[in-house]
Amino acid sequence: SPVDGHTYNLNAMWRLAGVIKDQPYELNGEQAVTIGIRAAKGLLRAVTKPAEFKALEPDNGWGDYEGFVRTLTRLAIDCAEEPEAIAHVSG
């Protein structure tokens, strides 16, 4: 299932988690198994160092740490359930 409703305002958290290097579109065409490994590692980083991630919450209120963790969890699970899937990222 697609990970939707997640704005660019949290890209810094995705970078800190190690899921992306710069922009989410980098994930286009990658296998879910590869993304899932990065997502699982990133999730462990996020839940063990919440203060570092919360410091990156956007001032405009479009996204927060809790939503990031929920989305990252869903991504890791989805990738584990469909490891052969290919990512399609918009935005």
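**Exercise 1. Find the salt bridges and say how exposed their residues are.**

Let's start with the count: the structure holds 2 salt bridges (a side-chain nitrogen of Lys or Arg within 4 Å of a carboxyl oxygen of Asp or Glu). The model is a predicted one, where local features need pLDDT of at least 70, side-chain atom pairs count only at pLDDT 80 or more, and totals for chains, interfaces and linings use all residues. Residues are numbered from 1 along each chain as its sequence is written, and side-chain values use heavy atoms, with hydrogens and water left out.

Step 1. Look at Arg38, which pairs with Glu30; their closest N and O atoms are 2.4 Å apart. Arg38 is partly exposed because its relative accessibility is 22%, where buried means under 20% relative accessible area, exposed over 50%, and partly exposed in between (1.4 Å probe, protein chains only). Glu30 is partly exposed at 22% as well.

Step 2. Now go to Glu66 and Lys54, whose side chains form a salt bridge at 3.9 Å, N to O. This pair links distant parts of the chain, with Glu66 in helix H4 and Lys54 in helix H3 (residues 50-54), 12 residues apart. Helices here are DSSP runs (H or I, at least four residues), numbered from the N terminus. Glu66 is partly exposed at 38%, and Lys54 is partly exposed at 39%.

**Exercise 2. Describe how H2 and H4 pack.**

Step 1. Take the axes, which are lines fitted to C-alpha atoms over the stretch in contact, with angles running from 0 to 180 degrees between N-to-C directions. Those of H2 and H4 come within 8 Å and cross at roughly 145°.

Step 2. List the contact residues (heavy atoms within 4.5 Å): among them are Ala39 and Leu43 of H2, and Phe68 and Leu72 of H4.

Step 3. Sort the residues of this contact: 14 are nonpolar, 3 polar and none charged. In this sorting, Ala, Val, Leu, Ile, Met, Phe, Trp, Tyr, Cys and Pro count as nonpolar, Asp, Glu, Lys and Arg as charged, and the others, Gly among them, as polar.

**Exercise 3. Which residues touch the most other members of the largest nonpolar core?**

Step 1. Collect buried Ala, Val, Leu, Ile, Met, Phe, Trp, Tyr and Cys residues joined through side-chain atoms within 4.5 Å. The largest such core has 21 residues, and Trp14, Val19, Phe53, Phe68 and Leu72 touch the most other members.

Step 2. Assign the elements: H1 (11-17), H2 (32-48) and H4 (65-81) each give two or more residues, and H4 gives the most, with 7.

Step 3. Zoom in on Val19: leaving out residues up to four places away in sequence, Val19 touches Trp14, Leu27, Arg38, Ala39 and Leu72.
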